[in-house]
Amino acid sequence: MTREEPFSTTFKLDKETKNTVRYAEETEGQRPVVGMLYVQKGELPEPHPKRIRVTIETLE
């Protein structure tokens, strides 16, 4: 499937590593679009959010 319009997907906190927080995509029985997402700890507020939303938009 090709998406031309921006879309959002949500992630739940999965695991914390030394320098990052790993989030797992919430798929609700569908196949994942992104899968796992790693975010640097310094870019997140404390305490780290349990859920985040990411919007994906094509640029070219």
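Begin by selecting Gly35, which lies in the loop between strand 2 and strand 3 (36-40), where strands are DSSP runs of E with at least two residues, numbered from the N terminus. The model in your viewer is predicted, so local features need pLDDT of at least 70 and side-chain atom pairs count only at pLDDT 80 or more, while totals for chains, interfaces and linings use all residues. Residues are numbered from 1 along each chain as its sequence is written, and side-chain values use heavy atoms, with hydrogens and water left out.

Stay with Gly35 for a moment: is this residue buried or exposed? Gly35 counts as buried because its relative accessibility is 19%, and buried means under 20% relative accessible area, exposed over 50% and partly exposed in between, with a 1.4 Å probe and protein chains only. Now show its surroundings, leaving aside residues up to four places away in sequence, and you will find that Gly35 touches Phe11, Tyr23, Ala24 and Glu25, a contact being heavy atoms within 4.5 Å. If you draw a line from the C-alpha atom of Gly35 to that of Tyr23, which is 12 residues away along the chain, the separation is 8.5 Å.

The 4 strands form an open sheet in the order 3-2-1-4, with antiparallel pairing, and two strands pair if DSSP finds at least two bridges between them. Strand 3 and strand 4 are the edge strands, each pairing on one side only.

Move to strand 1 (residues 7-16), which is joined to strand 4 (residues 51-56) by 6 bridges in an antiparallel arrangement; here Phe11 stands opposite Ile52 of strand 4. On the way to strand 2 (residues 20-25), strand 1 is linked by 5 bridges, again antiparallel, and a hairpin connects strand 1 to strand 2 through 3 residues. Along this pairing, select Lys15 to find its bridge partner Arg22 in strand 2, and then Glu16, which stands opposite Val21 in strand 2.

Finally, which residues make up the largest nonpolar core? Select Phe11, Val21, Tyr23, Val39, Leu44 and Ile52, 6 residues in all; such a core is a set of buried Ala, Val, Leu, Ile, Met, Phe, Trp, Tyr and Cys residues joined through side-chain atoms within 4.5 Å. End on Ile52, which touches Thr9, Thr10, Phe11, Tyr23 and Leu37, not counting residues up to four places away in sequence.
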